[in-house]
Amino acid sequence: MPSLWKRDQSPYWVCCYTSSDGQRLKKSTKQKDRTKALEVCLGIERAENLARAGSLTEQTAKKIIGEILERATGEALHNHKVDEWFDEWVTGKEQSRVDSTAVRYRQVARDFKKVLGKRSTLPLASIAPKDILAYRAAELAAGKSAKTANNAVKVVSAAFNAAFRMGYIPSNPCTALESLATETADRETFTPEQLTKLLKAAIGDWKRAILFAYYTGARLGDVANMHWNCVDLTKGIITFLPKKTKRSKKVIVIPLHADLETELMKSHGVGSTPLFPLLAGRPTGGKYGLSAQFNSV
């Protein structure tokens, strides 16, 4: 039978108990209240008795600890499973990130859980560096670049970092990996000659969208979803809020180039009507996304 006692210089009760190998041990319960300390002490004894009988498993140990924690503090033990935690983490990110970033996070989470298979139903702490390596290898096998694979692992790492900060896991398994070597290339502005070739190769909305991007410097996603109310023909300006700076609400104002105005006026619209209806609302990434289509042009 375990017992409790207190040191003169400590406010915490100490549990005196017999270990599974027969030793008489003492362990602080970290409880100032004697009733709560006794709950902790009885839990320790229960675990030692199961260990002595050879029937103590990791699942049983966590259950005992959870029961002790809940009785002593009123809080349940957090034991998130991988799939549940990633769903919860992505949902939180969707509330604080721009749409395109949130979509990216959910895609990475979905792919990561798919690679894990049945292991995605295990507790977070069960995931090891080899699981992260397997996910990165799957990204590369799918034809993605080393840079894209590195970025995907960074997203996964962010989810594990959040769990680590909240005390759900002892460490982040992603930190054991070294990033893949990548080749960097400087992107330069298209020359007038290159622009001419692009416009000859492009048709429909793509022709006007390429010209719009050239004269405004806007990103593909912003160009594709531009509306007519962004174009002020009277003042000769284009005004829009880039997605990347949406949270800072930094509005961009650019003079409307004469060549671009001429092209836009070929199919004039009003209000919230998209400038480029065939491109509006479509994702930029993916096999059939706008980026892939532009690469074809």
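User: Which residue meets Lys113 in a salt bridge between side chains?
Analyst: This is a predicted model: local features need pLDDT of at least 70, side-chain atom pairs count only at pLDDT 80 or more, and totals for chains, interfaces and linings use all residues. A salt bridge puts a side-chain nitrogen of Lys or Arg within 4 Å of a carboxyl oxygen of Asp or Glu. For Lys113 the N to O distance is 2.6 Å, and the partner is Asp87.

User: Is Lys113 buried or exposed?
Analyst: Buried means under 20% relative accessible area, exposed means over 50%, and partly exposed is in between (1.4 Å probe, protein chains only). Asp87, its salt-bridge partner, is partly exposed at 33%. Lys113 has 19% relative accessibility, so it counts as buried.

User: Which residues are linked in a network of salt bridges?
Analyst: Start with Lys144, which forms a salt bridge with Asp111 at 3.8 Å between the closest N and O atoms. Lys144 lies in the loop between α5 (129–141) and α6, and Asp111 in helix α4, so the pair ties together parts 33 residues apart in sequence. The network links Asp111, Glu139 and Lys144.

User: How many salt bridges does a search of the whole structure find?
Analyst: One of the salt bridges joins Glu263 and Lys266, at 3.2 Å from N to O. Glu263 is buried at 11% relative accessible area, whereas Lys266 is exposed at 61%. The search of the whole structure finds 6.

User: Why is the pair of Phe112 and Phe160 described as it is, and what is it called?
Analyst: The whole structure holds 10 aromatic pairs. Rings of Phe, Tyr and Trp (its six-membered ring) pair if their centres lie within 6.5 Å; planes under 30 degrees apart are stacked, over 60 edge-to-face, and the rest tilted. The centres of Phe112 and Phe160 are 6.2 Å apart and their planes stand at 90°, so the pair is edge-to-face.

User: How many residues apart in sequence are the parts tied together by Phe112 and Phe160?
Analyst: Phe112 is buried at 0% relative accessibility, and Phe160 is buried at 0% too. Phe112 lies in helix α4 (residues 99–116) and Phe160 in helix α6 (residues 146–165), so the parts are apart in sequence by 48 residues.

User: Which residues do ring pairs link into a cluster?
Analyst: Phe112 and Phe160 are already known as an edge-to-face pair. Both belong to a cluster linked by ring pairs, whose members are Phe86, Phe112, Tyr135 and Phe160.

User: How far from the ring centre of Trp13 does Arg34 lie?
Analyst: A charge sits over a ring if NZ of Lys or CZ of Arg is within 6 Å of the ring centre and within 35 degrees of the ring normal. Arg34 lies over the face of Trp13, and the distance to the ring centre is 5.4 Å.

User: Over how many bridges do β1 and β2 pair?
Analyst: Two strands pair if DSSP finds at least two bridges between them. A hairpin joins β1 to β2 through 6 residues, and Leu4 stands opposite Cys15 in β2. The strands pair in the antiparallel sense, and the number of bridges is 4.

User: Which are the edge strands of the open sheet?
Analyst: The open sheet has 3 strands in the order β4-β5-β6, with antiparallel pairing. Each edge strand pairs on one side only, and these are β4 (231–232) and β6 (252–255).

User: What separates the C-alpha atoms of Leu275 and His227?
Analyst: Leu275 is found in the loop between α10 (258–264) and α11. Leu275 is buried, with a relative accessible area of 1%. Leu275 and His227 are 48 residues apart along the chain, and their C-alpha atoms are separated by 5.1 Å.

Key. Residues are numbered from 1 along each chain as its sequence is written. Side-chain values use heavy atoms; hydrogens and water are left out. Helices (H or I, at least four residues) and strands (E, at least two) are DSSP runs, numbered from the N terminus.
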